[in-house]
Amino acid sequence: MSSSVFPIDPNTLTDAIGTRRALVRESARRSLARRRLLGRVAIVLCVVAVAISLTPLVALVAYTTSRGIRALSWGFLTHVPTPPGIPGGGISSAIVGSVIIVGLAVVMAVPVGTMCALFLVERRGRLAGSVRFAADVLTGVPSIALGIFAYAVLVGPGSLIGHFSGLAGSFALAVLMLPIVIRASEAAMRSVPRDLWEAGLALGVRRSRVVRSVVLRGALPGLVTGNLLAVARAVGETAPLFVTVLGSTLLVTNPLQPMGALSLTIFSDGTEAYPAAQQIAWGTAFVLLTLVLLLSVVARVVSARLNRQAR
Amino acid sequence: MSPTLLEEVPPPRLTPVEGVSEALQRRWGRPGGRAYAVLRWTGAAVFVAIVLGLLVSLLVSSSQAFGHSGLSFLWSGTYNATKDVYPTGVYIVGTLVTTTVAIVLAVPIGVATAAFLSELAPRWLGAPLSVLIDLIAAVPSIVVGLWGLLVLSPVFARHVEPFFKKVPLVEWFFHGPAYGPSMLLAGTVLAVMILPTIVALSRTALSSVATEDREAARALGATRWQVVRTAVVPGARTGIEAAVFLAMGRALGETIAVAMVIGNNYALPHSLLAPGATLGSAIINNFGEASPGLDRSSIIGLVVVLLAMTALVNVGGQLLLRRRLRAVGAVA
């Protein structure tokens, strides 16, 4: 091109450029090959990591299922436990206990949580920020601390009830559920478009009515999802029940008395050395696992439907 | 609209939409507003009361123990009629060791799994595996504990622990007899427990990195792996750190599953194969038998120590998460 400017033989010049170009091309090729190899090694390592992480998780669920199904029968679900050494017996007392304890916890946590979420949605500023932060930190508080709190307030000497009871366990679980309910409900309510609020208010509708028929209605799937996830978390908790509910092998329906619970049965029977007790523990673990996974799946389906509607 | 018409309109101080919106939001005086306000404030007040009540009741219940031994409670614990002392220091060491084992095992594997699921795997593989791991995250810790005690513990006693005793250099950590229940087993069970949490949270952080960042790296000639390493992981760093903090909080505070697999030995552990105790396992094992008074008060003191440790970790995690959300612009 510019051969006229430079007093150099154009052929040598082309040669020099060609050599350079070949050099560059060669080193680029090498770099790419090296980087591709590195990438391949890294991807293989990642696949190994996936395999390592899936192995115990899947093994855990599969083993619990296979051992649990063997223990399962109609009688297992409907009979009360038999004394140690006597065959048969079931976990009906634990099922009834868990349902009552978690049911009462829902009755306590959901209204308060929803009201508190409304507070967070309506109010901006420092106070709301602090409440939100408190909820986030409370999510991470060890559940045993909540159990001991319930013990101090409801169970211990000189407290409101004064002895072990299902209600104390419900209270501990309600405190456990509260931050989950609050944060999930707040997120669900915030996802209702601001225009809908304003349209309602502009029609002259009372604010409480707008909240009831527009905001809560619109946020309903999100509220359901959040509450179901909170219930799934509460149902499997053991430590707080251990220090508040105590456990019982009798079929108790009075929440002011000590009750059985699924997780307590798993703990007490699973730590026994007898195969029969361990069998009951596996059966109970399977029932609990099924319940928790069912709740999570339903929560997921509801929120997926919500997302599809939003789109 | 003609341009002349536009000129006649005076420039608004607020845009009309904002003005209307603000006016609508301010209509508190209307009937129905008051009762609704009372409802909201009640919800917030009950919640705040519960949080404060939690702190106050735990501090009051443990005051006897802290009053008795002061700050030395943090190491030697309080005198106990039946068991000499509650060695708080031993529990703290046990808690830190098991949590460290869990983090060392779970974090690299968990983050690599998240990176694969969110960035490298084809969609047909990544999406169902992600859902699977999210679901497993809901498995109650008591079930993990049962599995650890009845399935993992014999495997550890027979194969894993003897194996580590033979590996040079690290054998120093693994001397002593291999029973099965040990600090190592407790740490492993905790790792299984926090793994799904780490994967789920890191995956969210990784997939929230802007597509432009990936495309920019790709346009500069980065291979797929280099995109992950140079653009995606650095972009998600705070999120991943927050995931680690939150998982650490969960490992620190776990009680029942650890109590099932750690062997519950109240002496300072000399090896990872030795049985030990953590704050959580000590609380759950001793609370039922504790007599009222100083005895019970010192166990509640252990709860306060545990609460302080987890609060520290969780506040750190939440602050990181918040900083990240603010950077992404997701928090109001």
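In chain B, helix α8(B) passes helix α9(B) in a right-handed crossing; right-handed here says that the near helix is turned clockwise from the far one by less than a right angle. This is a predicted model, where local features need pLDDT of at least 70, side-chain atom pairs count only at pLDDT 80 or more, and totals for chains, interfaces and linings use all residues. Residues are numbered from 1 along each chain as its sequence is written, while chains are lettered from A and ligands numbered from 1 in the order in which they are written.

Back to the pair. α8 of chain B covers residues 211-219, and α9 of chain B covers 224-235. Helices are DSSP runs of H or I, at least four residues, numbered from the N terminus. The packing angle is about 150°, with the axes 9 Å apart. Axes are lines fitted to C-alpha atoms over the stretch in contact, and angles run from 0 to 180 degrees between N-to-C directions. So α8(B) and α9(B) are roughly antiparallel, the word for angles over 145 degrees.

Who touches whom? On α8(B), B:D213, B:R214, B:A217 and B:R218; on α9(B), a set including B:Q226, B:T230 and B:G235. Contact requires C-beta atoms, placed from the backbone, within 7 Å.

Next, the chains. 71 residues of chain A contact 73 of chain B. Helix α1 of chain A, residues 10-71, gives the most to the chain A side, with 19 residues.

Last, domains in chain A. The assignment, automatic or from a database, gives domain 1 (1-71) and domain 2 (92-310). Their centres, taken over C-alpha atoms, are 48 Å apart. Six residues of domain 1 contact seven of domain 2.

How values were computed: Helices (H or I, at least four residues) and strands (E, at least two) are DSSP runs, numbered from the N terminus. Angles under 35 degrees count as roughly parallel, over 145 as roughly antiparallel, 65 to 115 as roughly perpendicular and the rest as oblique. Two residues are in contact if their C-beta atoms, placed from the backbone, lie within 7 Å.
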